[in-house]
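Try each one before reading its solution.

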Amino acid sequence: MEFFRKLSLILLFCLITFSSGIIHTAADAAHQKSVQDKQKDASPTQMLEEAYSMLVTSSLRSWDMVKSYINQFQLKHFPPNVESKDDGKANGGAREKIKEATQKSFEKTKETVEGSAKSAAEAMEQKVHKTAEKVKDTMSAGHKTAEKAKDTVSSGHDEL
């Protein structure tokens, strides 16, 4: 019984292996046949164009590879100098220009803030004066109404 099981597994494995090989071989043969048909139908000018395009493409790829290797070599043996050792004199005094621009910007910002603070203080001062006048008017009006209320209250007590 075990012998038949092993034999069936071996036959199944061989069948799968050979069938996939046959399918791939048939597909390759069909592809080769279509390529040969295209080559027979192609004119000599088309064949030259294809050959030239393949040559140009491969040369461009080769040139790109050469540029890449040169770039890698350059980066490896001559790394870029990120930190400058001079005082900024070699690059036209860029550091000094940046310092001056920063100082000017800071001064303008300071003037703007001071102007804003002054205008805010003036606006607050005006509001405080208006509020004080309103309070005075309210208080003086309150005194007058209080005096009138005392007059009416005192006269009302007289009657009782």
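**Exercise 1.** Work out which pattern the protein chain follows along the sequence.

*Solution.* Read from one end to the other, the pattern is α-α-α. Counting elements gives three helices and zero strands, where helices (H or I, at least four residues) and strands (E, at least two) are DSSP runs numbered from the N terminus. Before going on, note that this is a predicted model: local features need pLDDT of at least 70, side-chain atom pairs count only at pLDDT 80 or more, and totals for chains, interfaces and linings use all residues. Residues are numbered from 1 along each chain as its sequence is written, and side-chain values use heavy atoms, with hydrogens and water left out.

**Exercise 2.** Find how much of the protein chain counts as buried.

*Solution.* Take the cut-offs to start: buried is under 20% relative accessible area, exposed over 50%, partly exposed in between (1.4 Å probe, protein chains only). Of the 160 residues, 2% count as buried.

**Exercise 3.** Search the whole structure for aromatic pairs and describe the geometry.

*Solution.* The search turns up one pair. Phe3 and Phe4 sit 5.8 Å centre to centre with 65° between the planes, so the pair is edge-to-face (Phe, Tyr and Trp rings, the six-membered one for Trp, pair with centres within 6.5 Å; planes under 30 degrees apart are stacked, over 60 edge-to-face, the rest tilted). Now check exposure: Phe3 is exposed at 60% relative accessible area, and Phe4 is exposed too, at 58%.
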